[in-house]
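Hi there,

Here is the structure I promised to pass on. My notes follow below it.

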Amino acid sequence: MNHPAALPRPLSVAELDLAAPGGPVLSFRPAPGGPEVKTGDVYALVRLRGRPAATVVGTVADGDDPAEALAALARERLARTAPLTDAERFAEWFADSRDEAGAGAPPRASVVVATRERPEQLARALDSLLAQDHPDFELIVVDNAPRTGATHALVTRTYGDRVRYVREDVPGLAVAHNTGLAAADGTVVAFTDDDVIADPHWLTALTEPFAADPGLGCVTGLILPARLATPAQVLLESHGGFAKGFAPRLYDPARPPADEPLFPFTAGSFGSGANMAFRADALRRAGGFDPATGTGTAAKGGDDLYAFVAVLSAGFRLRYTARALVWHHHRDTWQDLRNQAYGYGAGLTAYLTATLVRRPRLLPALLARLPRGLAHARTMTAQRGEAPDGGVPGEHGTHHHPWPRSLSRLERRGMFYGPLGYAKARLRKAGSR
């Protein structure tokens, strides 16, 4: 009853680099830490001379060269890539203008990783973060409401002075992020999770845009699956996962995007908390993260979405770039997916509630946008969000892996609960003072 009728098959995850959209293969390798790709179903990131460009899904038969089999699919995918929207063209123009002007060195950065009792995953993430090609950054681990000394021991004994340890006893991801923000000395503060592996160029790509645009308050990046080994992982990725596509995007409160009638309240399209960076002064000016949101609170989530809207409503721009890549280890069980579905719904309405409670001046703007936003929503598919670039397990629109109704019901229940969860979290925060 609780599981999809036909369980998705596992896929290998790989990276394929091409010299050009129709060019030869430069390299082919498994995703970081993954097993060698031989035969079977494969999900592959396609790069163009190192730059993430698309994903493809294919089957490698016995005797096939995996690189060439997937390269053929990649060339076909790239040949029929959809044209850019006006907002995407503007973002690409902006990036090209920056490049022509000669971008300066990326600013001093602080990377904050909030964690709780997951030292093995944390070690994997820290190893990738310490291998960044960024010239000037610090790494801060915020140990959130620890039950044991395992995280403290890992950071202090294994990483010494390469990683700064900060303890925060009040549970909640937003609280932990605010603690990291207070401890950070970087011009830019980047946030990621303890269950990712960061591409070596991640931090540079995430922070370079701030050097060229003083009005930029936030940059988000691409999140791809590190493993697709269980039905729950495949199902999540086949219905959008955390990816926001490969086209650059610039969100400017002075130029609201025509294809998002509810902007800036469509925060889920801007990015995700596992891959985001803020100009430190802009985030502090916006009040930081709402401590009554996020995992570890009754609100269940929404801390990242709240921060995106807070920075935009303060007049700063937000940019999405696929050049800043992290590989995310999706939760692997069916119960994890159920919890995630409920948390998505709760976090969405909790963040909206937080935004209106803390920024009541935005209520007229939200009410003014609702009719057009609802009309726009009726034209969209009832399926979970589709990745605009395709190349997902099961291929969107084919219904190979339909999103189970039980999960849709959980998302809706979470949405009804979100405002109540936020209220509970606020009361608990007030009572703990």
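**Helix packing notes**

H3 passes H4 in a right-handed crossing, meaning that the near helix is turned clockwise from the far one by less than a right angle. Before the rest, some ground rules: this is a predicted model, where local features need pLDDT of at least 70, side-chain atom pairs count only at pLDDT 80 or more, and totals for chains, interfaces and linings use all residues. Residues are numbered from 1 along each chain as its sequence is written, and side-chain values use heavy atoms, with hydrogens and water left out. Helices (H or I, at least four residues) and strands (E, at least two) are DSSP runs, numbered from the N terminus.

The axes of H3 (residues 119-130) and H4 (residues 150-159) cross at roughly 35 degrees and come within 10 Å; these are lines fitted to C-alpha atoms over the stretch in contact, with angles from 0 to 180 degrees between N-to-C directions. Contact means heavy atoms within 4.5 Å. On the H3 side, the residues that meet H4 include Leu122, Leu126 and Asp127, and their partners include Leu154 and Tyr159.

Buried residues (under 20% relative accessible area, 1.4 Å probe, protein chains only) in H3 include Ala125, Ser128 and Leu129. Their cover includes strand E5 (109-115), strand E6 (137-144) and H4.

Now to H12. This helix bends by about 45 degrees at Tyr417, and Pro419 follows within four residues; the bend is the angle between axes fitted to the seven residues ending there and the seven starting there. Tyr417 is buried, as are Gly414 and Gly418.

Happy to chat!

Conventions
Buried < 20%, exposed > 50% of the residue type's maximum accessible area, 1.4 Å probe, protein only.
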